[in-house]
Amino acid sequence: MLRAQREKRDKTQAQLAQSIGISEVYVRKLESGASRPGYGVVKKFVDYYQQPANKLFPDIFLPLIDTKRSKEEATK
């Protein structure tokens with residue numbers, strides 16, 4: 001998702017890194033899944049892309065699901 005968002009804005013990894021204040025190597029690691037971001041870095045991406053964390057990092061942040069309601073609806 002991160003790579004798609006970056007490419008959508010026609011940015012290189014170096015340009016993105018400079019824009020949000022992290023290294024290009026770290027951007028590459030995040031996009032490949034070789035590294036997981038801390039809260040501060042997640043916040044930088046959320047602010048930059050104006051997208052929720054669970055959309056940018058779906059493998060880390062799961063969408064909020066009301067499991068009680070889901071179970072109740074499944075039994076109907």
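## Packing of helix 2 against helix 3

Helix 2 and helix 3 pack with their axes 8 Å apart, at an angle of about 110 degrees. Helix 2 is therefore roughly perpendicular to helix 3 (a word used for angles of 65 to 115 degrees). On helix 2 the contact (heavy atoms within 4.5 Å) involves Gln 13, Ala 14, Leu 16 and Ala 17, and on helix 3 it involves Glu 24, Val 27, Arg 28 and Glu 31.

This is a predicted model, in which local features need pLDDT of at least 70, side-chain atom pairs count only at pLDDT 80 or more, and totals for chains, interfaces and linings use all residues. Residues are numbered from 1 along each chain as its sequence is written, and side-chain values use heavy atoms, with hydrogens and water left out.

## The buried side of helix 2

Helix 2 spans residues 13-20, and its buried residues (under 20% relative accessible area, 1.4 Å probe, protein chains only) are Gln 13, Leu 16, Ala 17 and Ile 20. These residues lie on the same side of helix 2, because they cover an arc of only 100 degrees around the axis. Their cover includes helix 1 (2-8), helix 3 (24-32) and helix 4 (39-49).

After helix 2 comes Gly 21, which has a positive phi, near 85 degrees.

## Gln 51 in its loop

Gln 51 is found in the loop between helix 4 and helix 5 (53-56). Gln 51 is buried, as its relative accessible area is 18%. Leaving aside residues up to four places away in sequence, Gln 51 touches Gln 5, Val 46 and Leu 56.

Terms used
Buried means under 20% relative accessible area, exposed over 50%, partly exposed in between (1.4 Å probe, protein chains only). Helices (H or I, at least four residues) and strands (E, at least two) are DSSP runs, numbered from the N terminus. The arc is that of the directions from the helix axis to the C-beta atoms. Axes are lines fitted to C-alpha atoms, for helices over the stretch in contact, and angles run from 0 to 180 degrees between N-to-C directions. Angles under 35 degrees count as roughly parallel, over 145 as roughly antiparallel, 65 to 115 as roughly perpendicular and the rest as oblique.
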